[in-house]
Amino acid sequence: MTRLLIDSCEVVVTVDDAGTEIAGGSILVEDGTIAWVGTGDPPLKPDHRLDGRGTVATPGLVNTHHHLYQTLTRGRARDQGLFGWLVELYPVWARVDEEWERAAARVGLAQLALSGCSTTTDHHYVHPAGAGDLLAVEIDVARELGVRFHPCRGSMDLGERDGGLPPDSVVETTDDALAASEEAVRRFHDPSIGSMVRIAIAPCSPFSVTERLMRESADLARQLGVLLHTHLAETQDEERFCVERFGRRPLELMDDWGWLGPDVWFAHAVYLDEKDVRRVADTSSGVASCPSSNLRLGAGIAPVRSLVDEGARVGLGVDGPASNEASDLFGEIRQAMLVSRAMGPEGGLSEREALRLATRGGAEVLGRDDVGSIERGKRADVALFPVDGLDHAGASDVVAGLLMGRTQRARHLLVEGRFVVRDGRLASADEDEIAREGRRVAQRVASNA
């Protein structure tokens, strides 16, 4: 049994039910769990101390939507909306293999960790024949870096010849997709408290998946006791596709197919009307809002304020680096706040509400009650951000100054009480080596495109 005291932070932002913030607060970590939060001396003597002075402590951030493989295809299709962007990139992604996946996952997960992210999902839905065991590769990388990982076994079975958007070279048969999804859950899913790996089943989207795959994926996930995830209502093109092909708007279609409930979360959810918002909230369905990606692709602004007010489960997502160009969840906090105020400050999120989406909200979306806040008994996932430098000089409210200012690299990040980032560097991997390998493989990807 070992105890670590994170000592004398400028502020500990607990994100508990009361929104407690503790000036001069300390956190006692014991065997991967938060044992005490408060000021003064802890009730138990620590074995080690970490100087928290000059930092704000928050719960580790939780990323609820991502595409790690896209890390090596940044900066492409810059003038396209979603459908045009996909059409340009699908032929490139059709060449993904294990070397690509490993390099991309290492770069993407390293960037997330350095932004203070302790838990992340990944939605991997491109599985070309002969590509290798891509899900196993990224799970191995997450283990190497020390982050909690919720990979989604994604799938597509509706290719161009059948009226879908993706080329036939990147889709699977329905039976193969279902079998691979079940195998992924049985191999990797760990439902225990403090679990480091959980699997979700995640057909890609209504315009790349058949009705059969959507319905049977839902049945399979509920049989296996895992979550469901998909893209939904991201663009007006998608809405037109659903209306023309199925006679339903996207959320109505999900309702018809049994895809609403506390075991479901949707990425983007930009085009929800008032009735849709209420339906999401009433069914306890979740939403991963991706403000930077939505702006980059010109998709629009999600009704996050309305979803929060209705009591829906809402988290933040970075989305793929090919539609964001970054894996920076800390930056999404500020982006979510600013985007929500586009039509006026009265309807916007506060900086602390946006932080809650990136922590407690994300944990709720991923079905976790053991992370997302700094409270006794929760897992010891804690991010410490510096507020003693030039960027924060003059901030009377250091928490607001931190969240409303420019993106910060975490000074320290603990996951399950273990250092993932220490003194601004990765604790278990060489950041420079990861970057070099990422550039090398990206050059191979570009030369073969």
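The protein carries 49 positive and 71 negative side chains, and the centres of the two sets lie 3 Å apart. Here Lys and Arg count as positive and Asp and Glu as negative, while His and the chain ends are not counted; each charge is placed at NZ of Lys, CZ of Arg, CG of Asp or CD of Glu. The model is a predicted one, in which local features need pLDDT of at least 70 and side-chain atom pairs count only at pLDDT 80 or more, whereas totals for chains, interfaces and linings use all residues. Residues are numbered from 1 along each chain as its sequence is written, and side-chain values use heavy atoms, with hydrogens and water left out.

The protein contains 14 helices and 19 strands. These are DSSP runs (helices H or I, at least four residues; strands E, at least two), numbered from the N terminus. The radius of gyration of the protein is 21 Å, close to the 22 Å given by the globule rule for 449 residues, so the protein is as compact as a globular protein of that length. The radius is taken over C-alpha atoms, and the rule is 2.2 Å times the number of residues to the power 0.38. The C-alpha trace spans about 65 × 45 × 40 Å along its principal axes.

Of the 449 residues, 62% are buried. Buried means under 20% relative accessible area, exposed over 50%, and partly exposed in between (1.4 Å probe, protein chains only). The accessible surface comes to about 16,700 Å², and 46% of this belongs to carbon and sulfur atoms; areas come from the Shrake-Rupley method with a 1.4 Å probe, and for residues only the protein chains shown count as cover. Among contacts (heavy atoms within 4.5 Å) between residues at least 6 apart in sequence, 73% join residues at least 24 apart.

Strand S4 gives a local view of the burial. In S4 (residues 26-30), 5 of the 5 residues are buried, so the strand is largely enclosed by the rest of the structure. In a regular strand the side chains alternate between the two faces of the sheet. In S4, Ser26, Leu28 and Glu30 point one way and Ile27 and Val29 the other, and all are buried.

Strands count as paired if DSSP finds at least two bridges between them. S4 is joined to strand S1 (residues 3-7) by 4 bridges, and the two run antiparallel; Leu4 stands opposite Val29. S4 is also joined to strand S5 (residues 33-38) by 5 bridges, again antiparallel, with Ser26 opposite Gly38.

S4 and S5 form a hairpin with 2 residues between them. Asp31 lies in this loop and has a phi near 50°, a positive value in a residue other than glycine. Most residues other than glycine have a negative phi. Asp31 is partly exposed, at 43% relative accessible area. Asp319 also has a positive phi, near 70°, and is placed in the loop between strand S15 (313-316) and helix H11 (329-340). Asp319 is buried, with a relative accessible area of 3%.

Elsewhere, 7 strands form an open sheet with mixed pairing, in the order S3-S2-S7-S16-S17-S18-S19. Its edge strands, S3 (21-23) and S19 (425-426), each pair on one side only. S3 is joined to strand S2 (residues 11-13) by 3 bridges, and the two run antiparallel; Val11 stands opposite Ala23.
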